[in-house]
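Below is a short report on one protein chain. Please read it with the model open beside the text.

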Amino acid sequence: MSQAAFKGYISGMVQGVGFRFHTMQKAQQLYLTGYAENLADGRVCVYAEGEMNHLQNLVDWLEEGPPSANVSSITVEWQDYTGMNDFTIR
C-alpha cells in the first residue's frame, strides 16, 4: 500500500463546534496520523498521513464534517508522506 499525505483547509462554521475533536476521532478510526488546528481566519487546517484510500475517506468525511459543523468549502493539497506518529489537536 502506498503512503501519502494531504493538508486540507476547511471553511464554514467549523470552529467552536468540536470539529477538531471529531476529526481526530475519524482519523484514528482510519489509522491516520497528523493534526487538526484552528486558524486565525476561522478555518480549520487538517494534516493527515497514511494509506491513500483511508486519506480519501477522511477527505470525503471532511466535506461534511460532524453534525455540529457547517462546511462551506474544503481545499486539499496532496503532499509527501513524512511519517508522523499519532493524530493530535493543536
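Which residues have the most contacts inside the largest nonpolar core? In this predicted model, they are Phe 6, Phe 19, Val 46, Leu 58 and Leu 62, and the core has 22 residues. Strand 1, helix 1, strand 3 and helix 2 each give two or more residues to this core. Helix 2 supplies the largest share, five residues. As a general point, nonpolar side chains in soluble globular proteins tend to be buried together.

Another core lies apart from the largest one. That core has five residues, among them Ala 5, Tyr 9, Tyr 35 and Tyr 47.

Five strands form an open sheet with mixed pairing, in the order 4-1-3-2-5. Strand 4 (70-79) and strand 5 (87-89) stand at the edges. Each has a single partner strand, so one side of each lacks a neighbour in the sheet. On average, neighbouring strands are turned by 15° against each other, direction ignored. Strand 2 (residues 33-38) and strand 5 run parallel and are joined by three bridges. Here Ala 36 stands opposite Ile 89 in strand 5.

| Helix | Strands touched | Angle between directions |
|---|---|---|
| Helix 1 | strand 1, strand 2, strand 3, strand 4, strand 5 | about 175° with strand 5 |
| Helix 2 (residues 52-62) | strand 1, strand 3, strand 4 | about 155° with strand 3 |

Lys 26 is buried yet has no salt bridge. The nearest side chain of opposite charge is that of Asp 60, 9.5 Å away. A salt bridge would need the charged atoms within 4 Å. Not counting residues up to four places away in sequence, Lys 26 touches Asn 57, Leu 58 and Trp 61. Leu 58 is also one of the residues with the most contacts inside the largest core.

Ser 11 is found in strand 1. Is Ser 11 buried or exposed? Ser 11 counts as buried because its relative accessible area is 18%, and the cut-off is under 20%. With residues up to four places away in sequence left out, Ser 11 touches Arg 43, Asn 70, Val 71, Ser 72 and Ser 73. Ser 11 and Lys 26 are 15 residues apart along the chain, and their C-alpha atoms are separated by 18 Å.

Technical notes. Residues are numbered from 1 along each chain as its sequence is written. This is a predicted model: local features need pLDDT of at least 70, side-chain atom pairs count only at pLDDT 80 or more; totals for chains, interfaces and linings use all residues. Side-chain values use heavy atoms; hydrogens and water are left out. Buried means under 20% relative accessible area, exposed over 50%, partly exposed in between (1.4 Å probe, protein chains only). Lys and Arg count as positive and Asp and Glu as negative; His and the chain ends are not counted. Contact means heavy atoms within 4.5 Å. Two strands pair if DSSP finds at least two bridges between them. Helices (H or I, at least four residues) and strands (E, at least two) are DSSP runs, numbered from the N terminus. Axes are lines fitted to C-alpha atoms, for helices over the stretch in contact, and angles run from 0 to 180 degrees between N-to-C directions. A nonpolar core is a set of buried Ala, Val, Leu, Ile, Met, Phe, Trp, Tyr and Cys residues joined through side-chain atoms within 4.5 Å.
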